[in-house]
Amino acid sequence: MFSEALPTVQHSHIPTLLFSDYHTHPQGHRVQRYTQALLQPWAESARRLGLKDIAFTDHDRYHAGIDFGEIDRLRERNSDLRIRAGIELDNDPVHSAAGRKWIEKHWDKLDFVLGSVHFLNRDDQMFDSVPAGAAQFEHQNIDAIYADYFRRVREMAGAGLVGCLAHLDLVKIHGHRPTGDIATLINETLEFIRARDLAIELSTAGWRKPVNELYPSDAIIKLAIEKQIPFTTAADAHSHVQLGENFPSLAQKIADLGIRQICMFEKHKRAALPLQLQIEL
Ligand SMILES: [Zn+2]
Ligand SMILES: [Zn+2]
């Protein structure tokens, strides 16, 4: 009779409450100087979603728009939130050398640096622009592109400055899949990330792209869990209305995969916070 008392609670299937979005672009895809008018809507979106911790991570080529004084003012006006000053360092062959210099110069004011691979062989076009970037995959050996992409990820991870790698398997964005087994390639890349003590992000952006899949894949996440690589949560929002996009689905995924903590960054120092189980009233 005891077996009839209550249904077994599957803890791994209870969604958790996500508290942070660590990949946002207040400037979008151009230089727009930080002002309260530009930034305050992001704080309001965070509050509305129940997020407690957000990081601004505009692309390094738009660093001229970043104003640390405005971020400080925003923090004063929104003392219930943690607001991180960050940047997304790309492997941009034209601009990122200057981006690196800017990061070094402002290191003490920054909390968080994301590292990203957006460029393959072409200097003038991000391969992840949709739909134009897909042309870079036409009539190409997809396995070779994957190998080249993950080599660039390791290069980014090894070059210093970054605390976390963004959208780790972005190369799948247009839906191109390798024909061969890439387990070794992935394993080597994650080993490299682990050895450098970096985090990786769980990004819902992949769900709004042609591939329609979380970045990174479940297989990569499972291997990262095994290697105890820490995670951030992110939507890669280019507008404040995109902040925390698809986080309920991400929370479900996190619960299903058994992830119990998410990390935050302050002045480049990482700390892991346990996720609270969501109490449904
Ligand atoms: Zn990116
Ligand atoms: Zn981004």
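## Helix α3 against the sheet

In this predicted model, helix α3 (residues 96-105) lies across β4 (82-89) and β5 (112-115), and runs at about 145 degrees to β4. Helices (H or I, at least four residues) and strands (E, at least two) are DSSP runs numbered from the N terminus, while axes are lines fitted to C-alpha atoms, for helices over the stretch in contact (heavy atoms within 4.5 Å), with angles from 0 to 180 degrees between N-to-C directions.

## Strand order

The open sheet has seven strands in the order β2-β3-β4-β5-β6-β7-β8, with parallel pairing, where two strands pair if DSSP finds at least two bridges between them. Its edge strands, β2 (20-21) and β8 (231-234), each pair on one side only. Within the sheet, two bridges join β6 (residues 164-165) to the parallel strand β7 (residues 199-203), and I200 in β7 is the bridge partner of L165.

## Zinc site

H118, in the loop between β5 and α4 (142-158), and H167, in the loop between β6 and α5 (183-195), are 49 residues apart. Both H118 and H167 are buried, meaning under 20% relative accessible area (1.4 Å probe, protein chains only). E88 coordinates both this zinc ion and the zinc ion (ligand 2), which are 3.3 Å apart.

## Basis of the values

Residues are numbered from 1 along each chain as its sequence is written, chains are lettered from A and ligands numbered from 1 in the order in which they are written. Local features need pLDDT of at least 70 and side-chain atom pairs count only at pLDDT 80 or more, whereas totals for chains, interfaces and linings use all residues, and side-chain values use heavy atoms, leaving out hydrogens and water.

Key
Donors = N, O, S within 2.8 Å, 3.2 Å for Na, K, Ca; no water. Buried < 20%, exposed > 50% of the residue type's maximum accessible area, 1.4 Å probe, protein only.
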